[in-house]
Amino acid sequence: MRRYIEIYSIMLRNSLIREMSFKANFVLWMLVEVLWFCGQIVFFSIIFGNVDRIGDWSKWEVVLLVGTHQISAQLFQAFFFMNVSNIPELVRTGKLDTLLALPIDSQFAVSTKQFGLDSVLNALLGGVVVIVSLAHLDIVPSVVSVLLYMVALAFGVAIHYAIMLALAAVSFWIVRAQGLVYGYFNFLQIARYPDAIFPRAFRFIFGWIVPVIIVANIPARLLVKPLDNPMWLMLHLTIAGSAALLISRLFWRFALRRYSSASS
Amino acid sequence: MITAAKYAAVFKLGLQNTFVYRWNYVLRAVFGLIPLAGTVFLWRAVFAEKGGGMQGYTYGSMVYYYLLMILVSNLVTPTEDEWQIAADIREGQINSFLTKPLSYLAYRFCIFLSGRLVYTIVTILPIALIFFYFRDYVRLPSELSTYFFAFVSLVMSGLIQFFISYSVSMMAFWILEISTVVFIVYSFEYFLGGQMFPIDLMPAGFQAVMKWLPFYYELFCPIAIFLERLEGAEMFQALAIQTFWLVALWAFARFMWKRGLSHYQAVGG
């Protein structure tokens, strides 16, 4: 365990140095993300120009939901996105073999090389939006619900990661499939919508099997809906999140076994 | 005649090359269903809450709008072209074009056309199924002329999108990694081009500005004409502005190529 922490801190330092040597690119990427975030807010403000609520979600509750999604998506992007989305390329070019030969866990090796500081800043922007929404809603969350919120966010990031890893592992079968990365964005697009809009079957599939709906909805509910049962929400997130992580890991190892046997 | 044969050969080559990407295309089409479902459910909830129309849209026409958006963007939006052009420039593939009696712009345009053809063929079945599923919301134009103007606008949309992609890719002459620029342009296209929501839902002041930007003419204009939301004098004005952007972006694409090339040769020489 200590060895992994040491390796990870070296990688973090390296990628920070690399990132700071391309400052213009760094600023531009931040700009892209800010644009997307603003676009989301504009979209919902147009909708809320016409209605007062969507299901049991009011305007500022939805803004808080979008901000929450921003935090978990950007934290995922900061730590894992670039690495996992690079897996298909590693497979295609055969560079994966070098990583597999390292005396560390293969999933760790492919998941941790780069780190994006710009995404951390964008996650902070999401945090500011969450705080502004709380002020508009006149809610002062208790220490317990803030703690639960943070734990829930971590599970959200884990779900992002599990979905992306599972999609990337498919590239062992389909080479030339950048479309898989595109699939991640498609899945996560529904994560920022209020859960109340989805019919029951859809909510079951995307709440338990590919649990994207709960990534932002459950943390947001923990903060702004004190009447919901937090125990049940946490239980849902914990079970679905852990299952997603576990299944994606099993799938990764299964895919890897096939890859190793095919190349020998 | 020889010119025609030359570019027909490029077109055929393009067909073969894009066929490699067929899995990409299938995956894109299938995964694209998830956000579509999300959008449909979102608007269903909004219209149920509102209990009536919204700026002339009903739940049915809103769903239909997004279906047309998918269809039209499959027909005219470039998918891999930017990356391929950037790679051609970065890896020096364009050297071979400088000595050939072949315009790189025309060459890329043939590749673009063949790419759109393969993409459309691969994705037509899932799209037809979605249209069938929502068949109750499909409304065809009442007048024959609408088909004609929508088609003219559609063709211009394709050309505009191609010229924008081409111009953006030319940035590869100056910078190593164009993905940031591509995504910035894409973000504008997504929000201001009507992919996220119909532009005519925006406040009137915004719309007046949007009408003069090229993004309006990348997807939204042909759809609005087809839905008969843009009619009469307003439609002719839109077509005129679209023609202006088409010519301007074509000139810009050629300008970027020239500038890029002189930079390239200056560095190489």
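Hi everyone, let me start with a definition: two residues are in contact if their C-beta atoms, placed from the backbone, lie within 7 Å. This is a predicted model, where local features need pLDDT of at least 70, side-chain atom pairs count only at pLDDT 80 or more, and totals for chains, interfaces and linings use all residues. Residues are numbered from 1 along each chain as its sequence is written, while chains are lettered from A and ligands numbered from 1 in the order in which they are written.

Now, the meeting of the two chains. Chain A brings 33 residues to the contact and chain B brings 29. On the chain B side, helix 2 (22-31), helix 3 (33-50) and helix 9 (179-192) each give at least two residues; helices here are DSSP runs of H or I, at least four residues, numbered from the N terminus. The largest share, 10 residues, is from helix 3 of chain B.

Which residues of helix 4 of chain B meet helix 8 of chain B? They are B:V72, B:L75 and B:V76, and their partners in helix 8 are B:L154, B:S157, B:G158 and B:Q161. Helix 4 (residues 59-76) and helix 8 (residues 144-169) of chain B pack at about 55 degrees, with axes 9 Å apart; axes are lines fitted to C-alpha atoms over the stretch in contact, and angles run from 0 to 180 degrees between N-to-C directions.

Finally, chain A. An unreviewed UniProt entry lists several transmembrane regions there, including residues 201-220 and 232-252; such annotations may be inferred rather than shown by experiment. Residues 201-220 of chain A are 80% helix and 0% strand, with end C-alpha atoms 22 Å apart. For residues 232-252 of chain A, the span is 100% helix and 0% strand, and the end C-alpha atoms lie 30 Å apart.
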